[in-house]
Amino acid sequence: MRHPAHHRLVDVPGGRIHLVEQGEGPLVLLVHGFPESWYSWRHQLPVLAEAGFRAVAIDVRGYGRSSKPREVDSYRMLAHVADNVGVVRALGAESATIVGHDWGSGIAANSALLRPDVFTAVGLLSVPYAPRNGFRPTDAFARIGGDDEEFYVSYFQEQGRAEAEIEPDVRGWLAGFYAGLSADTMPSADAPSLHFVARGGRMADRFVGGGPLPSWLTEADLDVYAAEFERTGLTGALNRYRNVDRDWEDLAAWDGAPIVQPSLFIGGDQDASTTWMADAIKAYPETLPGLVSSHLLEGCGHWVQQERAFEVNRLLAEWLRALAAGG
């Protein structure tokens with residue numbers, strides 16, 4: 001039985017959220033990362049619908065057809081958590097399983113941490129859960145960069161700076177960024193990391209120019225992503241990075257807090273997120289005591305649900321079915 005996908009705009013306290021909904025059953029909220037959109041979950045929506053779930057992929061605020069507040073602090077983590085709660089309520093549900101990728105993994109984790117009454121299970125893709133700690137994020141990122149380079153999160157801090165690099169050629173920049181973090185097209189291990197920007201340089205200086213698109217990304221897919229950002233600009237998306245210190249302050253009461261609900265982690269073994277944060281994965285017995293299973297997909301980069309859609313779909317569906325059965 002095929003389930004059609006429906007686009008909707010729903011009202012939440014902070015504005016409106018665009019979502020794509022497919023299927024019926026227990027609600028599963030899918031939250032994308034940077035620089036993506038609801039479209040990142042195009043392979044999951046029909047599979048989860050067929051598996052008996054109401055799969056809902058949102059455009060995070062600042063992206064796509066969702067609201068784009070002007071104020072930078074409107075993109076703090078508390079606002080994203082409130083948006084997710086608002087979506088669940090707007091859909092007439094009391095609770096949901098939440099699944100996030102990249103920044104969406106952090107948003108999903110904090111949604112579960114702050115609102116366990118609403119988000120009863122959490123799936124994290126690519127970026128491991130690491131509880132808040134005592135280090136102010138921008139200070140930590142500055143130390144990572146050193147004298148000759150900036151860590152990319154530091155590069156994104158100044159409003160308008162990264163926009164000036166990306167917006168003149170959105171499609172070309174996205175192609176380079178997606179390729180640089182995909183297992184089949186990423187630079188060699190001895191090449192300078194594109195997670196760092198040379199002082200006075202650009203992120204794109206370290207992209208592998210003129211190469212093929214990753215195997216998971218068609219020209220049509222790239223057109224979809226590029227069209228959204230050409231219409232909206234990049235400021236709303238980048239403002240998530242510009243709130244890391246506000247988040248650290250807002251979440252002080254949850255310093256070191258574990259997420260106790262049933263959880264799932266899926267990452268790629270070629271993704272810097274999983275290699276740099278290997279200690280966070282090792283700490284899961286303490287930080288994710290409800291962890292059902294953790295998976296590192298061999299030969300997979302950052303865009304796990306697109307690079308390895310079949311495996312991710314299988315893992316998600318099995319986990320969700322077990323949750324629904326009370327396992």
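Predicted model: local features only at pLDDT ≥ 70, side-chain atom pairs only at ≥ 80, totals over all residues.
In what order do the eight strands of the open sheet lie?

View 1. The strands follow the order β1-β2-β4-β3-β5-β6-β9-β10, and their pairing is mixed. At the edges sit β1 (5–12) and β10 (291–297), each of which pairs on one side only. On average, neighbouring strands of this sheet are turned by 20° against each other, direction ignored.

**View 2. Strand β4 and its two partners.** Look for β2 and β3 on either side of β4 in the strand order. β2 and β4 run antiparallel and are joined by four bridges; here V20 has A57 in β4 as its bridge partner.

View 3. β5 (residues 96–101) and β6 (residues 119–125) run parallel and are joined by six bridges. One of the pairs to find is A96 with its bridge partner F119 in β6. Helix α15 (residues 309–324) packs on the sheet, touching β3, β5, β6, β9 (263–268) and β10; its direction makes about 175° with that of β9. Helix α2 (residues 77–90) lies across β1, β2, β3, β4, β5 and β6, and runs at about 115° to β1.

**View 4. S111 in helix α3.** S111 belongs to helix α3 (residues 103–114). Is this residue buried or exposed? S111 counts as buried, because its relative accessibility is 0%. Its side chain reaches the backbone oxygen of I107 at 2.8 Å. Leaving aside residues up to four places away in sequence, S111 touches V81, N84, I98, P116 and F119.

**View 5. The largest pocket.** This pocket has a volume of about 1,400 Å³. Its lining is made up of 42 residues, and W103, V127, A130, F141 and M277 lie nearest its centre. Several helices supply at least two lining residues each, among them α4 (137–145), α5 (152–155) and α10 (244–250). Which helix gives the most to this lining? That is α3, with six residues.

Notes. Residues numbered from 1 in each chain as written. Heavy atoms only, no water. Buried < 20%, exposed > 50% of the residue type's maximum accessible area, 1.4 Å probe, protein only. Polar contact = N/O pair within 3.5 Å; in protein donor to acceptor, adjacent residues only side chain to side chain. Contact = heavy atoms within 4.5 Å. Pairing = 2+ DSSP bridges. Axes fitted to C-alpha atoms, helices over the stretch in contact; angles between N-to-C directions. 1 Å grid on protein atoms, 1.4 Å probe; cavity = no way out; pocket = protein on both sides within 12 Å on 5 of 7 lines; lining within 4 Å. Points joined across faces, edges and corners; volume = space filled by probe spheres on them.
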